Amino acid sequence: MTDPMANRLSSYPSRAAPPYQQGSSANLADILERVLDKGIVIAGDIQINLLDIELLTIKLRLLVASVDKAKEMGIDWWEHDPALSSRSRKDTLAEENRRLRAEIDALRHEEQPVEAESGSRAARAREALPGTDRAPRSRRREAQERDE
Amino acid sequence: MNEQVTYVYAVVRAAGGAADAADAADAAAHLAGVGGGEVRTVPGTRGTALVLAVSSVPEDDFREDALRRHFEDLDWLESVARAHHGVIEALAARADVLPLRLATVYLDDDRARAVLDASWDSFAERMEHLAGHAEWGVKIYVERRPAPAGPAPAGDLSPGRAYLRTRRTERSVRESVYRAAEEAAARVEAAGRRHAAERARHRVQQGQLADAPGENVVNDAYLVHRDRAAAFHDEASRAAEGLPGVRVEVTGPWAPYSFVTPPTGAASPAEEHAT
């Protein structure tokens, strides 16, 4: 196999252009924050509301984050830079969760039938699933409590 | 029970805006995907300019309940994440790609094709925007180190006063190192303004996976055109020069994971003029 980056980087001075260096040695945290948190989100047939909910938990445990901590330390220049702040703050976990909850609530009120697959509607439906998911769980929990 | 389903890695466009994605198909031909399945391409019905890179995976592993379990298993998650990333990385070396989020799975190729068709225009538009660019990660760390061995704990100080003095020294060392980190961050930002098209912020890495020495205080990604990559890399890498206790780590080039979704909010004036 040819060196995949050779073509693309042929114009770069070699010292400044490490070949695609991630490969097997790339830092797992760097990979996870990209493949879990970034990338295009489109609704799959297998509805992975996990990506919205459970994975946030994983991210919390593994990677988390704190913009707050950086702020505490005075590394907060981006907040005062209007050119940079609009796109940069959207990805805090709290905001993401708040947005998801709001959308779930809105969907619950609409109570539209969830159709199998139609573009953005399916995407919205996906976000509604955690809500429908919660009920059986809590019933399970009640059952356990009765048993105890 | 062992049905195969279609795992989608990325939308791919032949590099250089070639008429079809035959190159991308070639690039995919020998890749092993998640679970070892061979990567192949699925064209849309609207042409071959864009294709999906997919592979078959066992449904048993990717049903919702299975995924729920698997995602709690770091070893499984790591192997899938690395395989996913490996495919995207190899494709990105030869073509323009829009990476999909991990574990986007369809019942079969036709279902995946329908999604490509439905989002064709927005994929094409974003692809055009990202063409020729790569993502570079820049992390800034401050050293987690004890106060430098200053004057030896003076024998004439009470233990309490010696403790307080040590704490005071520690604190002032930490404050100065954070000021230095701020300076490094400003330099990286300046390099970004000179050379990058967009910036995305990632959360600083703190958890069990953040094994790099020091404390991560900035974790950003920049979208940089290949003509500017050398200059950006060079300037960003040197951002901590003369700043003791601060370290800058530049990673990349990455496929433009952090930039496949347009920045939220109003489009930038430059973008509006361009169209």
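A residue counts as buried here if 20 or more other C-beta atoms lie within 10 Å of its own, as exposed if 12 or fewer do, and as partly exposed in between, with C-beta atoms placed from the backbone. Helices (H or I, at least four residues) and strands (E, at least two) are DSSP runs numbered from the N terminus.

This is a predicted model, in which local features need pLDDT of at least 70 and side-chain atom pairs count only at pLDDT 80 or more, while totals for chains, interfaces and linings use all residues. Residues are numbered from 1 along each chain as its sequence is written, and chains are lettered from A and ligands numbered from 1 in the order in which they are written.

## The two chains

Let us start with the overall make-up. Chain A holds six helices and zero strands, and its elements run α-α-α-α-α-α from the N terminus on. Chain B has nine helices and eight strands. Two residues are in contact if their C-beta atoms, placed from the backbone, lie within 7 Å.

| Chain | Residues | Buried residues | Share of contacts at a separation of at least 6 that join residues at least 24 apart |
|---|---|---|---|
| B | 275 residues | 47% | 75% |

Helix α8(B) spans residues 226-237, 12 residues in total. From first C-alpha to last it reaches 17 Å, close to the 16 Å expected at 1.5 Å a residue; the expected span is 1.5 Å times one less than the number of residues. Which residues of α8(B) are buried? They are Ala229(B), Phe232(B), His233(B) and Ala236(B). Seen down the axis, these buried residues fall within an arc of 100°, so they line one face of α8(B); the arc is that of the directions from the helix axis to the C-beta atoms. The cover over them includes β5 (133-142), α7 (159-195), β6 (196-201), β7 (215-225) and β8 (246-254) of chain B.

Two packed helices are described by the angle between their axes and the distance between the axes. Axes are lines fitted to C-alpha atoms, for helices over the stretch in contact, and angles run from 0 to 180 degrees between N-to-C directions. The axes of α7(B) and α8(B) come within 9 Å and cross at roughly 170°, which makes α7(B) roughly antiparallel to α8(B). Angles under 35 degrees count as roughly parallel, over 145 as roughly antiparallel, 65 to 115 as roughly perpendicular and the rest as oblique.

On the α7(B) side, Val188(B), Ala191(B) and His195(B) take part; they meet Arg228(B), Ala231(B), Phe232(B), Glu235(B) and Ala236(B) of α8(B). The residues of this contact divide into five nonpolar, one polar and two charged. Here Ala, Val, Leu, Ile, Met, Phe, Trp, Tyr, Cys and Pro count as nonpolar, Asp, Glu, Lys and Arg as charged, and the others, Gly among them, as polar.

## Helix α6 and some backbone details in chain B

In helix α6(B), residues 120-130, the buried residues are Phe123(B), Arg126(B), Met127(B) and Leu130(B). They cover an arc of only 105° around the axis, which puts them on the same side of α6(B). The face turned away from that buried side carries the exposed residues Asp121(B) and Glu125(B). Just after α6(B), Gly132(B) takes a positive phi of about 80°.

Ala103(B), in strand β4 (residues 95-106), has a positive phi of about 65° although it is not a glycine. This alanine is buried, with 26 other C-beta atoms within 10 Å. Strand β8(B) contains Pro253(B), and the peptide bond from Gly252(B) to Pro253(B) is cis, with omega near 0°.

## Where the chains meet

Finally, two places where chain A touches chain B. The axes of α1(A) and helix α4(B), residues 74-92, come within 10 Å and cross at roughly 75°, which makes α1(A) roughly perpendicular to α4(B). Leu28(A), Ile31(A), Leu32(A) and Val35(A) meet Glu78(B), Ala81(B), Arg82(B), His84(B) and His85(B).

Lys38(A) sits in the loop between α1 (28-35) and α2 (54-62) of chain A. Is Lys38(A) buried or exposed? With 24 C-beta neighbours inside 10 Å, Lys38(A) counts as buried. Not counting residues up to four places away in sequence, Lys38(A) touches Tyr257(B), Ser258(B) and Val260(B).
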